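Here is a guided look at one protein chain, meant to be read with the model open beside you. Shall we start with a pair of strands and work outwards?

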Amino acid sequence: MRQFILDYENHLQKQYLIAKRYIDKGKGWKIVNPDEESAVPIIDGIVNNLNLQEPSVNIPNDGIITNISQDAIVECPVLINNDGVNGIKLGDFPKGLAAFLNTQYSVQDLVVEAILQQSKDLALQALLADPVIETTWQAKQILNEMLSLQKKYLKIDLN
């Protein structure tokens, strides 16, 4: 047992020294196994002013895509440095795509309002605003089933 503890402490000491060398070189993000999320490289880029470019980060629109709602969250390329995570300006999207995105933003906005106000009427409006819903009857059926299945979490009256 004693040998196990000594070996384990040696292992931890080696891992600490490796991590410390990477951090001292401004490459601390390399000590974490990469996955599909970029949080560690983003933090490292901010702390160490690395001017990293990430191809796809979700941030507030704020002028990145000029012809969709400015308070929408958009997935876009960014530059990461001491100033934070800054979207790279993309300008106008094609009109058809911008119309689709604005519609989806409006639907999501209605869903949030429905939850905050606990309003079945607003939830129905959100469904009706979604282009995949074909009829009012269909929207009501979907809404009633969803509210029934999620009544533990969604505090919206079924009536």
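Which residue is the bridge partner of I80 in β3? That partner is V85.

## About the model

What you have on screen is a predicted model, where local features need pLDDT of at least 70 and side-chain atom pairs count only at pLDDT 80 or more, while totals for chains, interfaces and linings use all residues. Residues are numbered from 1 along each chain as its sequence is written, and side-chain values use heavy atoms, leaving out hydrogens and water.

## The overall layout

The protein chain has five helices and three strands. Helices (H or I, at least four residues) and strands (E, at least two) are DSSP runs, numbered from the N terminus.

Of the 159 residues in the chain, 25% count as buried. Here, buried means under 20% relative accessible area, exposed means over 50%, and partly exposed lies in between (1.4 Å probe, protein chains only).

## The sheet

The three strands form an open sheet in the order β1-β2-β3, with antiparallel pairing. β1 (52-60) and β3 (84-87) are at the edges with a single partner strand each, so one side of each has no neighbour in the sheet. From one strand to the next, the twist averages 50°; axes are lines fitted to C-alpha atoms, for helices over the stretch in contact, and angles between N-to-C directions run from 0 to 180 degrees.

Two strands count as paired if DSSP finds at least two bridges between them. β1 and β2 pair over seven bridges in the antiparallel sense, and V57 stands opposite C76 in β2. Four bridges join β2 (residues 73-81) to β3, again running antiparallel. Across this second pairing, V78 faces G87 in β3, and L79 stands opposite N86 in β3. A hairpin takes the chain from β2 to β3 through two residues.

## Helix α2 and its two sides

In helix α2 (residues 39-47), the residues P41, I42, D44 and G45 are buried. Looking down the axis of α2, you would find these buried residues within an arc of 165°, so they line one face of the helix. The arc is that of the directions from the helix axis to the C-beta atoms. What does the face turned away from the buried side of α2 carry? There you will find the exposed residues I43 and V47.

## The largest pocket

The largest pocket has a volume of about 250 Å³. Grid points are joined across faces, edges and corners, and the volume is the space filled by probe spheres set on the points.

Of the 14 residues that line this pocket, I68, A72, I73, V74 and L101 are the closest to its centre. The elements giving two or more residues to the lining are β2 and α3 (95-117), and α3 supplies the largest share, five residues. The lining divides into eight nonpolar, five polar and one charged residue. In this count Ala, Val, Leu, Ile, Met, Phe, Trp, Tyr, Cys and Pro are nonpolar, Asp, Glu, Lys and Arg are charged, and the others, Gly among them, are polar.

## Individual residues to look at

Most residues other than glycine have a negative phi. D62, in the loop between β1 and β2, has a positive phi near 45°, and at 60% relative accessibility D62 counts as exposed. Q118 sits in the loop between α3 and α4 (120-129). Its phi is also positive, near 50°, and Q118 is partly exposed, with a relative accessible area of 48%.

I156 is buried, with a relative accessible area of 8%. I156 and Q117 are 39 residues apart in sequence and 8.7 Å apart in space, C-alpha to C-alpha.

Methods. 1 Å grid on protein atoms, 1.4 Å probe; cavity = no way out; pocket = protein on both sides within 12 Å on 5 of 7 lines; lining within 4 Å.
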